[in-house]
Amino acid sequence: MNTIQNIFKAKLNNVFGMIHVKPLPGTPLYGRSIKQIIYSACKEAEIYMKYGIDGIVVENMHDIPYVPAKEIGPEIVSSMTRICTSVKQVVPEHVPCGLQILAAANEEAIAVAHATDFQFIRAEGFVFGHVADEGYMDACAGKLLRYRKSIGAEDVCIFTDIKKKHSSHAITQDVSLIETAKAAEFFLTDGVIVTGTATGQPAKPYDVVEVKKCVTVPVLVGSGITVNNVHKYKGADGFIIGSHFKKDGMWQNELNETVILEFMNCLKNN
């Protein structure tokens, strides 16, 4: 099984750059050919490698509006498999790669990761049900880990969002972030992800510190990290960064190499 040490090369502050693949076939904004989508994803991977990013995460963010996993078609899974295979070919072997398939297509992500030699997935709805943009989302830990075992994919790590962004947690308002993190660890997650309320919105530094105190698995910050606030999260094991690395800080835009260079230099010098 892949050890966490193989993913988190540095002890703390590992940087994972987001590749938001262009709209996939069948989704409302789809317009490019698969070859164009692959080219764009690989180009972003090459840029990240140029500036020493520690790892990458591939995600179908442009497939808005998202649908629940049970409504995701085979065209999405097959496209993500082809894209991840191509990205893996341009990324050095030692660089860890992860993926997420929206919305909450965690089993599908496990299958793609297993087929493409990706090291981890980002999973939604691991513990405690909640209401997401796409509707009610059930907890999936038991089913997901059984599926991972059944296909022999135990070497694919699962990092899970807790009290995830773009969601209402009113039905679990009596369950704290700390309790959620502990539950995720008890249910065998390989890492937990703390976020703000939406894409690009920063997590509360206090939350990251407290979660880090209460679990032994890696703790990542999954939204809102910038060159101006990263110093507030230096105790985290990793940062998943998308919006800040894009032009004008908008996740929909192309990568901004100047910002990536500035951010990585900031980490090295502090």
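## Basis

The model is predicted: local features need pLDDT of at least 70, side-chain atom pairs count only at pLDDT 80 or more, and totals for chains, interfaces and linings use all residues. Residues are numbered from 1 along each chain as its sequence is written, and side-chain values use heavy atoms, with hydrogens and water left out.

Helices (H or I, at least four residues) and strands (E, at least two) are DSSP runs, numbered from the N terminus.

Axes here are lines fitted to C-alpha atoms, for helices over the stretch in contact; angles run from 0 to 180 degrees between N-to-C directions. Two strands count as paired if DSSP finds at least two bridges between them. Strands of a sheet pair through backbone hydrogen bonds, either parallel or antiparallel.

Strand 1 (residues 14-20) runs parallel to strand 2 (residues 55-59), joined by five bridges. Ile19 sits opposite Val58 of strand 2. Contact means heavy atoms within 4.5 Å.

## Strand 7

Strand 7 (residues 157-161) is mostly covered, with five of its five residues buried. Buried means under 20% relative accessible area, exposed over 50%, and partly exposed in between (1.4 Å probe, protein chains only). Both faces are covered. Cys157, Phe159 and Asp161 are buried on one side; Ile158 and Thr160 are buried on the other.

Strand 7 has parallel partners in strand 4 and strand 9. With strand 4 (residues 120-123) there are four bridges. Phe120 has Cys157 as its bridge partner in strand 7. Three bridges join strand 7 to strand 9 (residues 191-194). Asp161 stands opposite Ile193 there.

## Two helix pairs

Helix 6 (residues 177-186) packs against helix 7 (residues 205-214) at about 40°, with the axes 9 Å apart. That angle makes helix 6 oblique to helix 7. Angles under 35 degrees count as roughly parallel, over 145 as roughly antiparallel, 65 to 115 as roughly perpendicular, and the rest as oblique. The crossing of helix 6 and helix 7 is right-handed. A crossing is right-handed if the near helix is turned clockwise from the far one by less than a right angle, and left-handed if anticlockwise. Leu177, Ile178, Ala181, Lys182 and Glu185 in helix 6 meet Asp207, Glu210, Val211 and Cys214 in helix 7. These contact residues divide into five nonpolar, no polar and four charged. Ala, Val, Leu, Ile, Met, Phe, Trp, Tyr, Cys and Pro count as nonpolar; Asp, Glu, Lys and Arg as charged; the others, Gly among them, as polar.

Helix 3 (residues 74-90) and helix 4 (residues 106-116) pack at about 35°, with their axes 9 Å apart. Their crossing is right-handed. From helix 3, Val77, Met80, Thr81, Cys84, Thr85 and Lys88 meet Glu108, Val112 and Thr116 of helix 4. This contact has four nonpolar, three polar and two charged residues.

## Two buried residues

Phe16 lies in strand 1. Phe16 is buried, at 1% relative accessible area. The C-alpha atoms of Phe16 and Val95 are separated by 9.9 Å, although the two are 79 residues apart along the chain.

Ser243 is in the loop between strand 11 and helix 8 (257-269). Ser243 counts as buried, at 12% relative accessibility. Not counting residues up to four places away in sequence, Ser243 touches Thr199, Gly200, Gly249, Met250 and Trp251.
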